[in-house]
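The following exercises concern a single protein chain.

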Amino acid sequence: MEEAQRYSIVFKGLKNGHHEFRFAVDKSLFEEYESSEIKDGACEVVVDLDRGDTQLMLMVSISGYVVVACDRCLEDCRIPIDFAGELPVKFSDEVHEYDGEVIWLLPGEDRVDLKQYIYESIVLSLPYQRVHPDGECNPEMLERFRIISEGEFEALERKAASHEHDGGEWAKLAALRERMEADEEKTATKRDAAGDSKAPKE
């Protein structure tokens with residue numbers, strides 16, 4: 001089944017009032033969009049359609065999870081999705097482009113395609129920072145990034161030394177140093193904890 005039909009609601013013949021529809025979202029939806037950062041996912045979409053004489057009002061809720069790259073270690077990371085929104089569907093003899101807020105249909109049309117709306121709603125539900133919970137990142141990847149950060153630090157330090165001690169370069173240098181020291185402290189703490197747990201009990 002094509003994705004457009006899979007996420008379509010046929011409203012022709014429905015009586016005025018409320019009607020419920022459910023859709024299952026999986027990897028196939030995100031594969032439709034080549035630029036999508038979402039690798040996989042499993043979400044349930046529940047649509048409460050309120051049919052009136054002149055328009056349809058859709059109450060859409062989406063719950064589940066998607067898989068994206070972690071911003072910290074770049075490994076796959078599950079991000080929960082919890083979305084609720086309203087989508088009016090209106091009719092007009094003129095052709096209108098979908099603007100993300102209203103779907104316009106010609107009077108003779110009998111179904112509404114929600115694929116674009118569902119996809120955009122999931123993307124907009126993603127948090128600004130997509131990371132694993134503390135302690136779940138790949139430690140090997142974090143160690144690689146730490147080494148890269150040390151090289152970045154040395155380059156920035158050399159650049160700062162060749163200029164006057166203005167706030168911009170030295171502020172970046174200090175922030176980078178603090179970040180590296182914090183990462184080292186976390187790594188040391190995890191190693192100590194791991195060592196304690198492996199120590200033989202007397």
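**Exercise 1.** Determine which residues Ser36 touches, not counting residues up to four places away in sequence.

*Solution.* Step 1: with contact defined as heavy atoms within 4.5 Å, Ser36 touches Phe30 and Tyr119. Step 2: the side chains of Ser36 and Tyr119 are joined by a polar contact of 3.4 Å. Such a contact is a pair of N or O atoms within 3.5 Å; within protein, one atom must be able to donate a hydrogen and the other to accept it, and residues adjacent in sequence count only if both atoms are side-chain atoms. Step 3: Ser36 belongs to the loop between α2 (27-31) and β3 (40-51); helices (H or I, at least four residues) and strands (E, at least two) are DSSP runs numbered from the N terminus. Step 4: Ser36 counts as buried because its relative accessibility is 16%, the classes being buried under 20% relative accessible area, exposed over 50% and partly exposed in between (1.4 Å probe, protein chains only).

The model is predicted: local features need pLDDT of at least 70, side-chain atom pairs count only at pLDDT 80 or more, and totals for chains, interfaces and linings use all residues. Residues are numbered from 1 along each chain as its sequence is written, and side-chain values use heavy atoms, with hydrogens and water left out.

**Exercise 2.** State the confidence of the model and the order of its elements.

*Solution.* Step 1: pLDDT, the predictor's confidence in each residue from 0 to 100, averages 80 over the protein, and 70% of the residues score at least 70. Step 2: among the elements, β3 has the highest mean pLDDT (96) and helix α5 (residues 167-198) the lowest (58). Step 3: the secondary structure comprises five helices and seven strands, in the sequence order α-β-β-α-β-β-β-β-β-α-α-α. Step 4: of the 202 residues, 30% count as buried. Step 5: among contacts with a separation of 6 or more, 56% join residues 24 or more positions apart.

**Exercise 3.** Which residues of the largest nonpolar core touch the most other members?

*Solution.* Step 1: a nonpolar core is a set of buried Ala, Val, Leu, Ile, Met, Phe, Trp, Tyr and Cys residues joined through side-chain atoms within 4.5 Å. Step 2: the largest one holds 38 residues, of which Val25, Ile62, Val66, Leu114, Ile118 and Ile122 touch the most other members. Step 3: two or more residues come from each of β2 (17-25), α2, β3, β4 (55-69), β5 (76-91), β6 (103-105) and α3 (115-125). Step 4: leaving out residues up to four places away in sequence, Ile118 touches Tyr7, Val25, Leu29, Val45 and Ile62. In soluble globular proteins, nonpolar side chains tend to be buried together.

**Exercise 4.** How many aromatic pairs does the structure hold? Describe two of them.

*Solution.* Step 1: rings of Phe, Tyr and Trp (its six-membered ring) pair if their centres lie within 6.5 Å; planes under 30 degrees apart count as stacked, over 60 as edge-to-face and the rest as tilted. Step 2: there are five pairs. Phe11 and Phe91 form an edge-to-face pair, 5.8 Å centre to centre with 70° between the planes. Because Phe11 lies in the loop between β1 (8-10) and β2 and Phe91 in strand β5, this pair ties together parts that are 80 residues apart in sequence. Phe11 is buried at 3% relative accessibility, whereas Phe91 is partly exposed at 29%. Step 3: the rings of Phe83 and Tyr117 have centres 6.3 Å apart and planes at 70°, so this pair is edge-to-face. Phe83 lies in strand β5 and Tyr117 in helix α3, so the pair ties together parts that are 34 residues apart in sequence. Both Phe83 and Tyr117 are buried. Step 4: Phe30, Tyr33 and Tyr119 form one aromatic cluster.

**Exercise 5.** Is Arg130 buried or exposed, and what surrounds it?

*Solution.* Step 1: Arg130 is found in the loop between α3 and α4 (139-161). Step 2: Arg130 is buried because its relative accessible area is 13%. Step 3: a polar atom of the Arg130 side chain lies 2.5 Å from the backbone oxygen of Pro127. Step 4: leaving aside neighbours within four places in sequence, Arg130 is in contact with Glu37, Val68, Ala69, Cys70, Asp71 and Ile79.
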